[in-house]
Amino acid sequence: MDRALRFFAPPSAPARLASAVRAQARLLTPGDLSALLELEHEKWNAVQAASRAQLLARIEAHPELAIGAFCVHTGKLLASLFLKPVPDDFDRNADTWQACVAAAPLSDSRSLFGISLSSRDAAGVDALFAFFWPRALARGWRYIYLGSPVPGLRAWRRHHPHGNVEDYVYRRQGGRPLDPQLRYYHRRGFTKIVGVKRDYFPHERSLDYGVLLRCTVPLSLLAPVWRRLPAAWITGVTHTFASFL
Ligand SMILES: CC(C)(COP(=O)(O)OP(=O)(O)OC[C@H]1O[C@@H](n2cnc3c(N)ncnc32)[C@H](O)[C@@H]1OP(=O)(O)O)[C@@H](O)C(=O)NCCC(=O)NCCS
């Protein structure tokens with residue numbers, strides 16, 4: 001089974017049941033801004049966190065690409081994801097997070113850039129992607145890029161003062177990236193490293209480096225098929241595939 005499928009799939013059996021009842025995703029609206037700000041400040045520091053105005057701008061710019069996952073019992077926001085369309089040769093020019101966010105969006109590309117993913121509960125991330133997967137297929141999205149911090153870099157450098165950043169980024173342990181956050185994304189289907197970017201985003205433990213990763217939307221090669229199917233059918237297909245994992 002395509003490793004990338006795991007990114008979009010609910011977790012394995014017992015956890016799946018728990019997640020399914022705990023988190024539900026939907027498109028975000030301006031009414032979610034207070035909850036988004038609270039999550040933002042819980043997961044990012046004062047320099048990194050988006051402001052209310054920036055969050056609102058993201059929702060307004062691409063309402064179909066601003067997604068939140070909520071606890072079905074309390075209504076609490078568990079995770080948020082903001083995406084934007086980018087050119088298909090995006091990785092060639094994506095030098096800093098700021099530049100990626102500021103770049104003019106495209107309406108006819110097959111590629112997306114993940115402006116931000118924030119989560120306080122992994123069930124929320126599962127719900128976000130289970131929600132997004134059929135929509136991505138229906139719309140014809142093929143690639144998702146994101147810039148990941150490498151939070152283990154600073155500590156690694158202390159022990160390898162002459163080591164270069166690429167050595168760390170490409171280093172594997174048991175076949176998976178050494179860095180905990182690259183490992184996290186690898187597990188979720190972002191297996192392709194397309195660039196290592198200096199001064200990408202202010203992040204102390206990453207020494208301000210970012211690693212541009214790419215995930216191929218599972219089953220997206222069959223775009224002509226998905227275009228002809230009703231949305232509910234595509235959702236059914238993605239649920240079926242996810243349940244094989
Ligand atoms: C990255 C993030 C979205 C993951 O959320 P999640 O799906 O709820 O998963 P968790 O936070 O429980 O982390 C899952 C695993 O990845 C590891 N991981 C993820 N990000 C990590 C980081 N920055 N540093 C260390 N470990 C990290 C965790 O240690 C955990 O490992 P475990 O399963 O062995 O305990 C969330 O931690 C977050 O919002 N972080 C801050 C913002 C951020 O870095 N966003 C991504 C930018 S592209």
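Let's start at Ala-122, where a polar backbone atom is 3.2 Å from an oxygen atom of the ligand; I'm calling that a polar contact, meaning a pair of N or O atoms within 3.5 Å. Leu-117 also contributes through its backbone, with an N or O atom 2.8 Å from a nitrogen atom of the ligand. Tyr-184 uses its side chain instead: an N or O atom there lies 2.5 Å from an oxygen atom of the ligand. On its own the ligand has 870 Å² of accessible area, and the protein covers 66% of that; these areas come from the Shrake-Rupley method with a 1.4 Å probe.

A quick word on the basis. This is a predicted model, in which local features need pLDDT of at least 70 and side-chain atom pairs count only at pLDDT 80 or more, while totals for chains, interfaces and linings use all residues. Residues are numbered from 1 along each chain as its sequence is written, and side-chain values use heavy atoms, with hydrogens and water left out.

Now, who surrounds the ligand? The shell holds 16 residues, and the closest are Leu-117, Ser-119, Gln-181, Tyr-184 and Tyr-185; a residue is in if one of its heavy atoms lies within 4 Å. Strand E4 (111–119), helix H6 (122–139) and helix H9 (180–187) each give the shell at least two residues, and H9 has the largest share, with five. By class, the shell has nine nonpolar, four polar and three charged residues. Asp, Glu, Lys and Arg count as charged here, Tyr, Trp, Cys and Pro are among the nonpolar ones, and Gly goes with the polar ones.

Let's zoom out to the space itself. The ligand sits in the largest pocket, meaning that more than half of its atoms lie within 2 Å of the pocket's grid points. The grid has a 1 Å spacing over the protein atoms alone; a pocket is an open set of points with protein on both sides within 12 Å along at least five of seven lines, a cavity is a set where a 1.4 Å probe fits but cannot get out, and lining residues have an atom within 4 Å of a point.

The volume of this pocket is about 730 Å³. Of its 38 lining residues, Trp-44, Leu-117, Pro-149, Gln-181 and Tyr-185 lie nearest the centre. E4 supplies the largest share of the lining, six residues, and the lining divides into 22 nonpolar, 11 polar and five charged.

Notes:
Polar contact = N/O pair within 3.5 Å; in protein donor to acceptor, adjacent residues only side chain to side chain. Helix = DSSP H or I, 4+ residues; strand = E, 2+ residues; numbered from the N terminus. Points joined across faces, edges and corners; volume = space filled by probe spheres on them.
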